[in-house]
Amino acid sequence: MSSRFVAVLLLALAASAAPPLAAQPVLRPVPSPDVARLPPAQAAWLRETRASFDKTRNELAGEPLAQAYAVLASAYVRAGQYDPALTALWNAEQLSANDPRWIYAQGLVGHARGDDATARTQFQRAMAVAPDYLPIRAALASLQIQAGELDAARKLLADYVAKRQDQPLAYALLGDIALRQKRYPEAVTQYQQALRLDPPATRLYRSLAEAYQGAGNAAAAGEARAKAGEVPVRLNDPLAEGLFGGPGLEAVEPFAIDLNSATFFVSVGRYDAARESADAALRRKPADAGAIALRARIDAVEGRIDAARQRVQAALGTQPDNALLLLTQGAIQEMAVDDVGAQTAFQKAIAADPALSEARLRLGSLLMRTGRPADAVAQFRALTKLHPNDGEGWAQLLAAEAAAGRCVEGLREMNEVLATRPDYGFVIQLSVRAASTCRGATAEQRRKALTDGERLYKISGAGEVAEAYALALAANGKWKEAEETQAAALFGAVSSRDATRQALYREFYDRFKAKQLPDLPWATNHPLFKPERPTPAAKAP
C-alpha cells in the first residue's frame, strides 16, 4: 500500500507544471495523531500512509499537492481522526483557491466531528461557488432543518426544484419540512414526488405514512406503513463517497481522481477546471475512452465543436467499436446540427452496447425531434426495460406511441405495467392521460381514468397531477370542473413564474374552456414531443 501511495503522488508530480515551491501559500503542519488505540492493521496502514505522504510532500506543488492533502484527509477520516483531516483539507483549499470540493469536504468533516457551526460555514461557502451541486445545498438545508430554521431550508430547496425536477432528495427534504410545519397535504405531495423519482426508496414510506396520518387519511397511512423499508433516497455524491467510503487508499488511482474531478467540475459549470482535470487524466492514460470522451464533451459544451469532433474521430481510428466514443461522436454531431451523422453514431453505439442507456435516450429524442415518433418507440421501450423504475422513460414511451397515432398500444402498455405494479403512481397518471385523450379508449377506461385521476388529485395537487385529472374530467363530459382544475395548475405555474409550464398548461385550459378534448396526453409543444436540441453551454475561450 505504501509504495502504491507514493506512486499516486509521484504521478501527480510528473503530470503537473507546478510553480516553484516558493510561490506556494503558507500551509499548516498536519498533526500526527496517536493511533495506538486503533486496530493494529488500521494503525499500521495509517502510519504507512502518512509516511508516504511525508516523503513526497516537498516534491509537489499546486493542484497535485492539494490532491495529495485530500487523499491524506480521506485516510484520517476513515480512521475517525477528524482534526488532522480538517487541517489537510484546509491546506488543499489554500493550494486550490475557491475549489468547492475542498470547502465542501471541510463541511462534511466538521459535521462528522459534531461541529455544525464549522459545517454550516463551509457549506455556505461551497454553495456560493457551486450552487447547482445538490449535495452541498442538501447538506446546508439539513443543518437548517435540525436547527429549526424551516423557512430558510424550504427556500433553499424550492429555489433548486424551480430549476431542476429530477432529484428525489430535494423533494424528500421539502416533505420533511412540510411535515414538521404540520402542512400534511403538502408533505404527502413532496414525498410522493420523491417516490416517483426513486421508487426503491422504501424508507420514505415511514414519513409518508406520518403525513397521511396527519392529513386524516388513516387507510393511506396504513398502506404506506406496510411498504416501509430501509432503502434511503438516492443521492449521487462522489465527493462524500470518496472522503468517507469506497475502496481503501491502496485502490486509489490518480487517473480516477482526475476523471472524477473533471466530471464534478462539468456538473457545476466550471469548464476551465474540468478541462484541466480531464487533460491531467489523459496525460496518465492517453488512450482511455472515458477520458477522451469526457474531454471531447467539454470541448463541445464550450463551443469547440470541430476540436471535439476531431478528438473523437482520432480515437475511433484505433477503437472503432467503442460504444462510449460512438455515443460521444453522436452527441457532438447533434450539437453540430448533423442529425444524420448523429443518428448513425447512436445506432453504432447501441449495436456495440445494447444496454447503453444514454445512446437510446439520445436516439429516441432525436427521432422525436425530427418527426419520427414510430421509430422512437423501440428506443424508449428498450429504456423502460433497462430502467423500469424511471417514470420518465414510461412517459417518453407513451408520448412516442401517441405521436405515432398508436395511443391504444400506449394505453395498453401503461396498463400492463399497472397489472404487476398497481401502486406505481407515476404510471397511473400516464394511464389517466392516455385513456382520457385516446379516441380508441373505451367508455369504461375513461370512467376508470376519472376515478384514478380523482384519487391521485386528492393525494397531490401538483400541476402535472391536476392536469391529468382535468383531462379525465373533460373526457367524461365534466367541462366546468376540468376548466377549474386546469386553472389551478395554471395558477401554480404563474405563482412560481414558470413561463414554460404556463404556456403548456394554458393550451389545455383554452381547450377545456371551448369544450374541446385534446387528442394528445400533453400539450403539442411539450418537450416529450419536441425535445430541445443539445447546444453548447458556453462560448469557446
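# Notebook: an all-chain survey, then single residues

I began with burial and found that buried residues make up 51% of the 541 residues in the protein chain. I note at once that this is a predicted model, and that I considered local features only where pLDDT is at least 70.

**Entry 1, overall form.** I looked up the secondary structure next, and the protein chain comes to 28 helices and 0 strands. The radius of gyration is 26 Å, close to the 24 Å that the globule rule gives for 541 residues, so the chain is as compact as a globular protein of that length. I also took the extent of the C-alpha trace along its principal axes, which is about 80 × 55 × 40 Å. For the contacts with a separation of 6 or more, I find that 60% are accounted for by residues 24 or more positions apart.

**Entry 2, surface and charge.** The protein chain exposes about 23900 Å², and carbon and sulfur atoms supply 53% of that area. I counted charges as well: there are 64 positive and 60 negative side chains, and the centres of the two sets lie 2 Å apart. Side chains of opposite charge can pair when their charged atoms come close. With nitrogen to oxygen distances within 4 Å as the criterion, the count comes to 37 salt bridges.

I opened helix α16, residues 289-301, where R295 and D299 both lie, 4 residues apart, about one turn of the helix. These two form a salt bridge, with the closest N and O atoms 2.9 Å apart. Is R295 buried or exposed? R295 has a relative accessible area of 7% and is therefore buried, the limit being under 20%. D299 is buried too, with a relative accessible area of 2%.

I then followed D299 to a further partner, R311, and in this salt bridge the closest N and O atoms are 3.3 Å apart. R311 lies in helix α17 (residues 305-316) and D299 in helix α16, so the pair ties together parts that are 12 residues apart in sequence. R311 is partly exposed, with a relative accessible area of 28%. Which residues do salt bridges with shared partners join into one network here? I find R275, D279, R295, D299, E302, R304 and R311 joined in that network.

I also checked R297, whose side chain meets that of E358 in a salt bridge at 2.9 Å, N to O. R297 lies in helix α16 and E358 in helix α20 (residues 357-369), so this pair ties together parts that are 61 residues apart in sequence. R297 is partly exposed at a relative accessible area of 25%, and E358 likewise counts as partly exposed, at 29%.

I moved to V77, which has its place in helix α3 (residues 62-78). V77 is buried, with a relative accessible area of 5%. What does V77 touch, if residues up to four places away in sequence are not counted? I find contacts with Y82, A85, V109, L243 and F244. As a separate distance check I took V77 against L134, and the two are 57 residues apart in sequence and 22 Å apart in space, C-alpha to C-alpha.

At 12% relative accessibility Q379 counts as buried. Again leaving out residues up to four places away in sequence, Q379 touches I350, R360, L363, G364 and L367.

V337 has a positive phi of about 60° although it is not a glycine, and I placed V337 in the loop between α18 (323-335) and α19 (339-352). V337 is exposed, with a relative accessible area of 57%.

K515 also has a positive phi, of about 55°, although it is not a glycine. Where does K515 lie? I find K515 in the segment after α28 (499-513). At 58% relative accessibility K515 counts as exposed, because the limit for that label is over 50%.

Conventions: Residues numbered from 1 in each chain as written. Heavy atoms only, no water. Helix = DSSP H or I, 4+ residues; strand = E, 2+ residues; numbered from the N terminus. Buried < 20%, exposed > 50% of the residue type's maximum accessible area, 1.4 Å probe, protein only. Rg over C-alpha atoms; globule rule 2.2 N^0.38 Å. Contact = heavy atoms within 4.5 Å. Areas by Shrake-Rupley, 256 points an atom, 1.4 Å probe, with all protein chains shown as cover. Lys, Arg positive; Asp, Glu negative; His and termini not counted. Charge placed at Lys NZ, Arg CZ, Asp CG, Glu CD.
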